[in-house]
Amino acid sequence: MTRRFLFVLGSTRLDGNTELLAHRAAEQLPVDVEQEWIRLLDHPLPEFTDLRHDSDHVRPPSDTAAGRLLDATLAATDIVIASPLYWYSVSGPTKRYLDHWSGWLRTPGIGFKATLAGRTLWGVTALADREPDVAAPLTGTLNNSAAYLKMRFGGVLLGCGSARGDVLKDAEALARAKTFFAQEAPLAHFPHETETAVQAPRPRQEGALTP
């Protein structure tokens with residue numbers, strides 16, 4: 001299957017640091033890789049309504065914001081969530097997009113979870129802080145979403161910037177952007193699954209000496 005990247009831009013301002021960093025990373029993709037860029041600000045989604053205990057969701061028409069985003073999401077082999085760090089997590093428009101995934105999971109006939117399984121989720125974010133740990137909630141949101149859907153997770157490309165264009169002064173972030181999408185993305189796991197795997201005792205081999 002030809003790789004197709006969907007870049008979902010979740011900033012509430014145009015040409016912000018997150019978008020600039022995402023473009024720097026995308027410039028390194030091979031020419032035969034398809035790219036689609038959707039700015040959530042230009043395609044505002046309606047408030048998400050949880051119908052899971054009432055009825056199935058209806059597939060949104062393709063000429064609506066929700067329909068276009070659904071079609072683009074299903075067509076992508078790689079989904080890049082490019083959201084600035086807002087209050088230590090994803091932006092409001094980005095969260096609403098992810099909320100709509102809950103409805104698409106319950107929309108008959110589209111196989112949303114089965115389609116996304118094995119595909120790759122990536123993150124790009126700019127934060128006004130030099131400590132990358134403050135972005136842990138954002139990274140956790142994306143990693144856990146990927147784990148639930150049995151997707152691969154390529155991690156989050158972090159850049160430092162507040163005023164527009166600041167991220168272009170972050171030499172480390174620009175260096176990471178050059179190889180970010182070239183790395184092998186492992187299957188995502190919830191933190192408790194990883195911890196269990198690390199802590200699990202090794203099986204005793206027959207005849208092996210034990211302390």
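Is Phe5 buried or exposed, and what is its relative accessible area? In this predicted model, Phe5 is buried, with a relative accessible area of 0%, where buried means under 20% relative accessible area, exposed means over 50% and partly exposed lies in between (1.4 Å probe, protein chains only). The model is a prediction in which local features need pLDDT of at least 70 and side-chain atom pairs count only at pLDDT 80 or more, whereas totals for chains, interfaces and linings use all residues. Residues are numbered from 1 along each chain as its sequence is written, and side-chain values use heavy atoms, with hydrogens and water left out.

View A. The structure holds 12 aromatic pairs, a pair being rings of Phe, Tyr or Trp (its six-membered ring) whose centres lie within 6.5 Å, with planes under 30 degrees apart counted as stacked, over 60 as edge-to-face and the rest as tilted. The rings of Phe5 and Phe7 have centres 6.0 Å apart and planes at 25°, so this pair is stacked; Phe7, too, is buried, at a relative accessible area of 0%. Trp122 and Phe180 form an edge-to-face pair, 5.3 Å from centre to centre and with 65° between the planes. Because Trp122 lies in strand 4 (residues 120-127) and Phe180 in the loop between helix 6 (171-177) and helix 7 (191-199), the pair ties together parts that are 58 residues apart in sequence; helices (H or I, at least four residues) and strands (E, at least two) are DSSP runs, numbered from the N terminus. Trp122 is buried at 1% relative accessible area, and Phe180 counts as buried at 7%. Phe5, Phe7, Trp37, Trp122, Phe180 and Phe181 form one aromatic cluster.

**View B. Glu36 and its salt-bridge partners.** Glu36 is placed in strand 2 and is buried, with a relative accessible area of 16%. Arg4 forms a salt bridge with Glu36, the closest N and O atoms being 3.0 Å apart, where a salt bridge is a side-chain nitrogen of Lys or Arg within 4 Å of a carboxyl oxygen of Asp or Glu. This pair links distant parts of the chain, with Arg4 in strand 1 and Glu36 in strand 2, 32 residues apart. Arg4 is partly exposed, at a relative accessible area of 22%. A network of salt bridges links Arg4, Glu34, Glu36 and Arg68.

**View C. Two further salt bridges.** The structure holds 11 salt bridges, and among them is the one between Asp78 and Arg3, whose closest N and O atoms are 2.8 Å apart. Here Asp78 in strand 3 (residues 78-82) is linked with Arg3 in the segment before strand 1 (4-9), 75 residues apart; Asp78 is buried at 2% relative accessible area, whereas Arg3 is partly exposed at 36%. The side chains of Glu47 and Arg96 also meet in a salt bridge (2.6 Å, N to O). Glu47 is exposed, with a relative accessible area of 57%, and Arg96 counts as partly exposed at 30%.

View D. The 13 residues of helix 5 (residues 136-148) should span 18 Å at 1.5 Å a residue, and the end C-alpha atoms are 18 Å apart, which agrees; the expected span is 1.5 Å times one less than the number of residues. Leu138, Leu142, Asn143, Ser145, Ala146 and Ala147 are buried in this helix. Helix 5 is followed by Lys150, whose phi is positive, near 60°.
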